[in-house]
Amino acid sequence: MAFFANAALFHVPSSELPRVLCELHTALRADGILFTSNPRGNGEGWSGSRYAHWMEIEVCERYWQEAGFEIIDHYYRPAGRPRAEQPWLALVSRKRQE
């Protein structure tokens, strides 16, 4: 079983992200996969009419670990461009065995 959350967690405030990740963790079967891809950066707040929460890999690692996930891979998109031209961070993580 897996969850595909493309540009979805980007709209979750940091105050709610631990709860949302824990709910995803609970819903997954053992060794379930969570794929996320979100615009990367630092900060959060309103971007026009939508809420945005930009995170870099180091911040994601902390949230995901605290929720019981192991990040098994991460990459930046679009592929083949310099990092400064890769605004998306994709994570492939697995539910850790408890």
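A: Start with Trp46, which counts as exposed at 63% relative accessibility. Exposed means over 50% relative accessible area, buried under 20%, and partly exposed in between (1.4 Å probe, protein chains only). This is a predicted model: local features need pLDDT of at least 70, side-chain atom pairs count only at pLDDT 80 or more, and totals for chains, interfaces and linings use all residues. Residues are numbered from 1 along each chain as its sequence is written, and side-chain values use heavy atoms, with hydrogens and water left out.

Q: Which aromatic residue does Trp46 pair with?

A: Rings of Phe, Tyr and Trp (its six-membered ring) pair if their centres lie within 6.5 Å; planes under 30 degrees apart count as stacked, over 60 as edge-to-face and the rest as tilted. Trp46 pairs edge-to-face with Tyr51, at 5.4 Å centre to centre and 90 degrees between the planes.

Q: How many aromatic pairs does the structure hold?

A: There are 3. One of them joins Phe4 and Phe35, and is stacked because the ring centres are 5.1 Å apart and the planes lie at 5 degrees. Phe4 is exposed at 65% relative accessible area, whereas Phe35 is buried at 13%.

Q: Which residues of helix H2 are buried?

A: Helices (H or I, at least four residues) are DSSP runs, numbered from the N terminus. In H2, residues 57-66, the buried ones are Ile57, Cys60, Tyr63 and Trp64. They sit on the same side of H2 because they cover an arc of only 125 degrees around the axis, taken from the directions from the helix axis to the C-beta atoms. The face turned away from that side carries the exposed Glu58, Gln65 and Glu66.

Terms used: Helices (H or I, at least four residues) and strands (E, at least two) are DSSP runs, numbered from the N terminus.
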